[in-house]
Amino acid sequence: MDNLRDRLVRCFETVFPDMPESEIATASQQTLSNWDSVAAITLANVIEDEFAFQLDFEDLADLDSFERIQAYLAARLPASQN
Amino acid sequence: MTVTEALKVIRAAPGSAAEYHVLLACGFTPLHLQTFLTAHLQTKLPARKVRASAGLFGNLAGTIESAAQSEPQGIAIALEWGDLDPRLGYRSAGAVTPSVVPDIVEQAREMLERIAAAIEGLPAGIRVALSLPSLPLPPFFHTAGTQESQAELLLERDLMEFASRCAARAAIVNRRRLDEEAPCAARHDLKSELIAGLPYTTVFADALANTLARLLTPAAPKKGLITDLDNTLWHGIVGEIGPAEVSWDLAGHGQIHCLYQKVVASLAEEGVLIGISSKNDPNVVARAFERRDLLLGADKVYPIEAHWNAKSGSIKRILATWNIGADSVVFVDDSPMELAEAVEANPGLECVLFPTDDYGAGLRMLRRLRDLFGKERVSKDDAIRLESIRRASVVRENIEGGELSEAFLANADAVITANFADAENPRALELVNKTNQFNLNGRRFEEADWRRRVARPDSILVTVAYADKFGPLGTIAVIEGARGEDALHVSAWVMSCRAFSRRIEHQCLRLLFDAFSAGAIWFDFVPTHRNGPTRNFLTSLMGTAPEGPFTLERARFDEACPPLHHKVEILKESEVYG
């Protein structure tokens, strides 16, 4: 597991403590019923804490799965954090 | 605290613990404010499982009005200007032109009236913390931002009238202190407000939540202050320059000592015990206290330990005289070495360095003292505390072999007043939550939990006041329990240490047996590391030391009870006997 992915899993574990780790990588708003708007903003803040990176609120609507968030971060974070 | 840290605190809460439910009333989307409030309360209530719920978006008044239905233990109200009239918020499309401003002011006044009435209508047991608008008014008024407009001033005036009215029921966030801890410029996040509905930056949401949590679960105030004299209570060394030359005024560059005296004198009048520990000639100190310009009179201080021995010993004796633990006391001295020596011998003592040459540090110290001793109300019992301890020295002089002589007790003209309908007296819970030595089980209660207990149909609550020819002690004991089928159940029983040795505890039990015609009383006793006096008393009745809950039969009590000489007055007797 790469560094970014590992850290992102930890973020998901913090916001969705009841979700098994094995399901995190495939999690999305469609599959996870408690990933509502409040959880989405909380997740954004936890990711900001973890990566010291400011997420744009306007991007939140598109960040609706683990995979998409991982790709989003990979494109914006410096190489040292990937 | 970050959002991640807050979530971790919430996750670590004990799942099976009793719930503490707080309702967050705000007109915006609570988001992180709710998360931070839960986390800060969880930190302050580690034995509880905190749950924070929130009301409907845009309906702050309605949330408060319907709060009682969900039976929260506490309500945190985060008021913002948009709650008073949506046109004062950023999400409304309503115009704010000069022609409609008078209407906005009027609408805001009406909403403040509605919210105040809702707060006043909350059941007594719910603790309320209220934050007044913490964000600036939007730039919709006709003056430049540097100048107040008439409308802004009218809104502020109405807000202050609202706040002073609510202060009787709610703990209100001190906006000036919040301004220091969380600067205004770093509070508002317009993008978050418009897109997510939360107007606060994450940092400010954390700061406000922490403040609200502190008001919902206030720390127990310290009970006593022990102060040094030279270069602390006054400027100069009295043994060298004499009582007439020590100073505490501007001219003598001693104003910080004057300010300190003001704070200490104020604390004394609020019921804080004030003692002196000073390495000095006692006669010189006595002459210094004769100075009439001293702001802290000698009558406000007891005891005075002035000699050349170690201060740690002085502090031990003062604590013994007050009969309270070191962790309830603050020691102020200008010498770091003396402070270190004192706390080494008296663990738990809160030591405060008096900064003689640093005015900024001096002000911080005065504010720290205010925070350590801050209390929400000053009662009649507070006012007589020091005097009753001073008089207790007469009682102590008559103790032989650990007990007062029969003749002394018989001639004390003691009167015990038992009030069986005193559930509204805040002193009852205050005494339960701060008493350590004579305490049946050391259990503490949140206000809402306490109110629920004493409101049960089978509940009993007795407050006991004591006076004798040496003066009144005020309300010194509280008994709480319930009428059981086979015995009276006592769940909480505390008595102030000032009331020891007078057989008041015996009279309390006789009162219970008599008032409820009880054949037996079941005690929810739990030994703690500090309730030895309770255990000793119960052992004297039972013959063996109890290790947990037990039942005392009436016959056994009558056999073990010594002669009681008090005159007993019962209040609300008709309600007790039906």
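Visitor: How many helices and strands are there in chain B?

Guide: This is a predicted model, in which local features need pLDDT of at least 70 and side-chain atom pairs count only at pLDDT 80 or more, while totals for chains, interfaces and linings use all residues. Residues are numbered from 1 along each chain as its sequence is written, and chains are lettered from A and ligands numbered from 1 in the order in which they are written. Helices (H or I, at least four residues) and strands (E, at least two) are DSSP runs, numbered from the N terminus. Counted like this, chain B has 23 helices and 20 strands.

Visitor: What is the radius of gyration of chain B?

Guide: The radius is taken over C-alpha atoms, and the globule rule is 2.2 Å times the number of residues to the power 0.38. For 578 residues the rule gives 25 Å, and the value for chain B is close to that, so chain B is as compact as a globular protein of that length. Its C-alpha trace spans about 85 × 70 × 40 Å along the principal axes. The radius of gyration of chain B is 27 Å.

Visitor: How far apart do the C-alpha centres of domain 1 and domain 2 of chain B lie?

Guide: Domain bounds come from an automatic or database domain assignment. That assignment divides chain B into domain 1 (3–216), domain 2 (224–373) and domain 3 (406–577). Between the C-alpha centres of domain 1 and domain 2 of chain B the distance is 40 Å.

Visitor: What pattern does chain A follow along the sequence?

Guide: Chain A contains 4 helices and 0 strands. Its radius of gyration is 12 Å, close to the 12 Å of the globule rule for 82 residues, so chain A is as compact as a globular protein of that length. Read along the sequence, the pattern of chain A is α-α-α-α.

Visitor: Which element gives the most to the side of chain B that touches chain A?

Guide: Two residues are in contact if their C-beta atoms, placed from the backbone, lie within 7 Å. By that criterion, 14 residues of chain B are in contact with 12 residues of chain A. The elements of chain B giving two or more residues to this side are α1 (3–11), α2 (31–44) and α8 (190–195). The one that gives the most, with 5 residues, is α1(B).

Visitor: Is B:C166 buried or exposed?

Guide: A residue is buried if 20 or more other C-beta atoms, placed from the backbone, lie within 10 Å of its own, exposed if 12 or fewer, and partly exposed in between. B:C166 lies in helix α6 (residues 150–166) of chain B. Leaving out residues up to four places away in sequence, B:C166 touches B:A116, B:I119, B:L130 and B:I172. Because it has 21 C-beta neighbours inside 10 Å, B:C166 counts as buried.

Visitor: Which residues does B:C561 touch, not counting residues up to four places away in sequence?

Guide: B:C561 is in the loop between α22 (554–560) and β20 (567–571) of chain B. It has 16 C-beta neighbours inside 10 Å, so B:C561 counts as partly exposed. B:C561 and B:Q507 are 54 residues apart in sequence, with their C-alpha atoms 8.9 Å apart in space. With residues up to four places away set aside, B:C561 touches B:H506 and B:R510.

Visitor: Which elements of chain B do the buried residues of α14(B) pack against?

Guide: In helix α14 (residues 336–345) of chain B, the buried positions are B:E338, B:L339 and B:A342. They cover an arc of only 100 degrees around the axis (counted from the directions from the helix axis to the C-beta atoms), which puts them on the same side of α14(B). B:P336, B:M337 and B:E344 are exposed on the other side of α14(B). The buried residues of α14(B) pack against α13 (311–322), β9 (329–333) and β10 (350–353).

Visitor: Where is the place of B:P303?

Guide: Most residues other than glycine have a negative phi, and most peptide bonds are trans. The peptide bond from B:Y302 to B:P303 is cis, with omega near 0 degrees. B:P303 has its place in the loop between α12 (282–288) and β8 (304–307) of chain B.

Visitor: What is the phi of B:D413?

Guide: B:D413 is in the loop between α17 (406–410) and β13 (415–419) of chain B. It has 12 C-beta neighbours inside 10 Å, so B:D413 counts as exposed. B:D413 is not a glycine, yet its phi is positive, at about 55 degrees.
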